[in-house]
Amino acid sequence: MSVVLTRTGIKMPLVGFGLWKVDKPTCADTVYAAIKAGYRLLDGAGDYGNEKEAGEGVRRAIADGLVKREDLFITSKLWNTFHAKEHVKPMAEMQLKLWGIDYFDLYLTHFPCSLAYVDPAHRYPPEWWGDDKKTVTLANVPYQETWTAMEELVDAGVAKNIGVSNTQGSLILDVMKYARYQPQVLQVECHPYLSQDPLVKLAKTLGIAVTAYSSFGPQSYFELGMGEGVTALFDQDAVASAAKRLKKSPAQVLLRWATQRGLAVIPKTNNEKRLMENLDCLSFDLTEQERDAINKLNKNIRLNDPADIDPRLAIFA
Ligand SMILES: NC(=O)c1ccc[n+]([C@@H]2O[C@H](COP(=O)([O-])OP(=O)(O)OC[C@H]3O[C@@H](n4cnc5c(N)ncnc54)[C@H](OP(=O)(O)O)[C@@H]3O)[C@@H](O)[C@H]2O)c1
């Protein structure tokens, strides 16, 4: 199953594989296993630090005849230190080189925050901080400048589709006023604790496809020492009881809750069994009552908020 993107009509798979925290030493094997299992969408980013290894997995899968490049939908993201117009294309091209491919199916701005440039020869990926791992240095790059440079990636054939991530309604509405190419995808944190109904409604109204990230809510953040005191979504009654009725796992229920709302999902796992399990999340339906019970878990708990790093990065305030 897929979502048809506006402007290009390209189909984006509804279930993809997320690459954040996929361990570098096993990343090529994991990507190969994901493709072998049937995943066709890979969600990467410069910031994940594993693009070279992910590309190795892709190359091996193509060499072994599992897929052709055109069967895959490869997403990457522009990091915040490269928002100035002169850095956008060189960075996207550098990322293509790391992957060993010649175009991205989708390229997103990772966060609408611009940070001081860091030369990749000095430090890559640069993350949020300076060399001291403490200081955050902002840059004065208006988002319009970055978006205009993103559009040039489409003209140059570097990216077939472009989109935004971690953006709220006000910024999306602003981009729509000047965009030559409107964002085709919005990728945001979305799970039953942060269901994002108004934002999803806005995106649907504007013809922007939505990809939900961190579908398992706090699960991804526990290993980073975050999400303390937040009950695992897997343990919530509304999720566990639907899983029991359907003889599916709570993880599969959470993914289906999103896809039944028309959202694409990109679960991540370093575990081969869960890789298969997560892909098999479209073969059953939750009832309206089950979906309603899960909807009631919304508490506006946001796990991924740059304001936790520096209050000047409060993009969701
Ligand atoms: N645009 C952005 O700013 C942004 C931010 C965050 C994430 N993302 C993207 O979204 C992807 C997914 O989000 P995410 O990585 O935060 O979290 P996620 O997919 O919601 O959760 C991953 C966590 O759940 C565990 N898990 C995976 N499948 C499971 C299953 N079937 N049963 C039990 N546990 C399971 C994983 O552990 P194991 O690995 O041990 O299985 C890991 O701890 C990322 O990889 C990335 O591509 C984008």
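Reply: Asn-166 lies in the loop between strand S7 and helix H5 (169-178); helices (H or I, at least four residues) and strands (E, at least two) are DSSP runs numbered from the N terminus. The model is predicted, with local features needing pLDDT of at least 70, side-chain atom pairs counting only at pLDDT 80 or more, and totals for chains, interfaces and linings using all residues. Residues are numbered from 1 along each chain as its sequence is written.

Although Asn-166 is not a glycine, its phi is positive, at about 55 degrees. Asn-166 counts as buried because it has 22 C-beta neighbours inside 10 Å (buried is 20 or more other C-beta atoms within 10 Å, exposed 12 or fewer, partly exposed in between, with C-beta atoms placed from the backbone).

Lys-21 is found in the loop between S3 and H1. With 14 C-beta neighbours inside 10 Å, Lys-21 counts as partly exposed.

S7 covers residues 159-165 and runs parallel to S8, residues 185-189, with three bridges joining the two; strands pair if DSSP finds at least two bridges between them. Gly-163 stands opposite Val-185 in S8. S7 and S8 belong to an open sheet of eight strands with parallel pairing, in the order S3-S4-S5-S6-S7-S8-S9-S10. At the edges are S3 (17-18) and S10 (264-265), each of which pairs on one side only.

Within this sheet, S5 deserves a separate description. Six of the six residues of S5 are buried, and the strand is mostly covered. Phe-73, Thr-75 and Lys-77 point one way from S5, while Ile-74, Ser-76 and Leu-78 point the other way.

S5 has a partner on each side in the sheet order. One partner is S4, which pairs with S5 in the parallel sense over three bridges. Asp-43 stands opposite Thr-75 of S5. Between these two strands the chain passes through H2, and the β-α-β crossover from S4 to S5 is right-handed (with the strands pointing away from the viewer, the path from the first strand over the helix to the second runs clockwise).

The other partner is S6, which pairs with S5 in the parallel sense over four bridges. Ser-76 has Tyr-107 in S6 as its bridge partner. From S5 the chain crosses through H3 to S6, and this β-α-β crossover is right-handed.

After H2 comes Gly-65, which has a positive phi near 80 degrees.

Pro-125 lies in the loop between S6 and helix H4 (143-155).

Finally, a wider view. The span of residues 16-298 is 41% helix and 13% strand, and its end C-alpha atoms lie 24 Å apart.
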